[in-house]
Amino acid sequence: MRAFWGLVWRDTVLAARIGGGFGLGFGFFALVIALVPLGVGPDPETLRQAAPGLLWLAAILSVLISLDRLFQADFEDGTLDILRLSPMPLELMVLAKVLAHWLTACLPLVLAGPLLCPILGLPVEAMVPTGLTLLAGTPALSLIGAIGAALSVGVRRGGLLIAAICLPLFAPTLIFGAGALKAAVDGTEMLTPLVLLAAQSLFALAIAPWAAAGALRVNMT
Amino acid sequence: MKTVSSLTADRLTVIRGGRLVFRDISWTAESGSVLAVHGRNGAGKSTLLRCVAGLLEPASGRVHFGLPRGDEREASALVHYVGHHDAVKAALSVRETLQAWRRVLGGSAQQVDMALAKWQLLPIAELPGQYLSAGQRRRVALARLSVADRPVWLLDEPSAALDQAARAILLDNGEAHLRAGGIILAASHEPLWPQARVLDLSLQAAA
């Protein structure tokens, strides 16, 4: 397990220093949210209707822009070769990198995302549900994203390919994430969509490490 | 260090991108010996090392590590691989780089300081990777060999970008590894360890 946490530490430090993680992802998320009223118009009712979907779309896009460096940077500089010589299985290595990605790209959204609710005309009461849906759903984004990132390793400018692979796969997460948040805003029961959202993250946890590790093995020979 | 008694390649054949790189190569390296892999560009030196490291599946044949009965360790736990790429991150200092490798490769806590001393990296230990010269980066990559004990060293052009002093450090550390019963496979265009047995892939390909 020391190898696992060592890799989590390394990736987190790297992301924090280079700015590809903490700052950039959340900054992108906040900017997209801040631009929405400029595009949709300031009418609070219109904003409130569109807010859950827009919030989740912004989250998905901000996660997406950090995915192309998940394996590509380590592939290019030879790090992935060495990681494959670690005593830990490749699947666990993938999981460590996904965890570091979640900590740097998604956790800031979970913690600070709710603060942006007022911009979208959402009431203060919507802040906790916003954080909850992001907490339950973003692990699925990181995990599924890792499959796309692993499949496009070695492809020059693979970022576009990652988007093409991942965006359709993110659809269920978007539907239930926005659905749960909308239920909370409308005052109806949000537990069912929230649980289904968490179930997606668990499902992704069960398959993504193996799928991504398999893709890496194929791409690296 | 738990050594392996020998390292054997048995009729290795590798095909890459539809091209036959080499066919039916067999050799043995005993504990404490060096095998120098020579050959023209494209003869398959790097491919051979990657194959031994288990990073590449041979089309046929196999690599065998001489382990005591009951020892089930695989290549990924037995070899160090220093390839063309140095795997040095711009944003991590030399010490942090080695610290991360120690955890990932399974070395003990004091081995980072020992590695820094052995490869004479102490003066630049706190320098971030982005400020290192090519030769310094190479030395950091080589210092990985000392952060975890592994009996087989696979070195691809280890002396590239090294100056005379750094080359001497490489040779000294290699000697110490051999005295401890290790095995070194080095692909290189220049002679490194004088006692090395030579495996010339250019000749093999012609045969």
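Student: How much space lies in the largest cavity?
Tutor: Keeping in mind that this is a predicted model, the largest cavity holds about 40 Å³ of space.

Student: And how many cavities of 30 Å³ or more are there?
Tutor: The count comes to one cavity of 30 Å³ or more.

Student: Which residues line the largest cavity?
Tutor: From chain A there is A:Arg10, and from chain B there are B:Ala87, B:Val88, B:Lys89, B:Leu92, B:Thr97, B:Ala100 and B:Trp101. Sorted by class, that lining has five nonpolar residues, one polar residue and two charged residues.

Student: Which helix gives the largest share of that lining?
Tutor: That is helix H3 of chain B, residues 94-105, which supplies three residues of the lining.

Student: OK, staying with H3(B), how does it cross helix H4 of chain B?
Tutor: The axes of H3(B) and H4(B), the latter covering residues 111-118, come within 9 Å and cross at roughly 130°. The two helices are therefore oblique to each other, and their crossing is right-handed.

Student: Which residues meet there?
Tutor: On the H3(B) side they are B:Val94, B:Arg95, B:Leu98, B:Gln99 and B:Arg102, and on the H4(B) side they are B:Val112, B:Asp113 and B:Leu116. By class, this contact has four nonpolar, one polar and three charged residues.

Student: Switching to chain A, at what angle do H1(A) and H6(A) pack?
Tutor: Helix H1 of chain A, residues 2-18, packs with H6(A) at an angle of about 35°, and their axes are 8 Å apart. H1(A) passes H6(A) in a right-handed crossing.

Student: What does H1(A) bring to that contact?
Tutor: Among its residues meeting H6(A) are A:Phe4, A:Trp5, A:Leu7 and A:Arg10, and A:Arg10 is also one of the residues lining the largest cavity. From H6(A), the partners include A:Leu92, A:Met93, A:Lys97 and A:Leu103. The residues of this contact divide into twelve nonpolar, two polar and three charged.

Student: What about H3(A) against H6(A), how are they arranged?
Tutor: The axes of H3(A), residues 44-67, and H6(A), residues 90-112, come within 10 Å and cross at roughly 155°. Angles over 145 degrees count as roughly antiparallel, and H3(A) and H6(A) are therefore roughly antiparallel to each other. H3(A) passes H6(A) in a right-handed crossing.

Student: Which residues touch in that pair, and how many are charged?
Tutor: A:Ala59, A:Ser62, A:Val63, A:Ser66 and A:Leu67 in H3(A) are in contact with A:His101, A:Ala105, A:Cys106 and A:Leu109 in H6(A). By class this contact has six nonpolar residues, three polar residues and no charged residues.

Conventions
Residues numbered from 1 in each chain as written. Chains lettered and ligands numbered in written order. Predicted model: local features only at pLDDT ≥ 70, side-chain atom pairs only at ≥ 80, totals over all residues. Heavy atoms only, no water. 1 Å grid on protein atoms, 1.4 Å probe; cavity = no way out; pocket = protein on both sides within 12 Å on 5 of 7 lines; lining within 4 Å. Points joined across faces, edges and corners; volume = space filled by probe spheres on them. Helix = DSSP H or I, 4+ residues; strand = E, 2+ residues; numbered from the N terminus. Nonpolar A, V, L, I, M, F, W, Y, C, P; charged D, E, K, R; others polar. Axes fitted to C-alpha atoms, helices over the stretch in contact; angles between N-to-C directions. Parallel < 35°, antiparallel > 145°, perpendicular 65-115°, else oblique. Left-handed = near helix turned anticlockwise from the far one by under 90°. Contact = heavy atoms within 4.5 Å.
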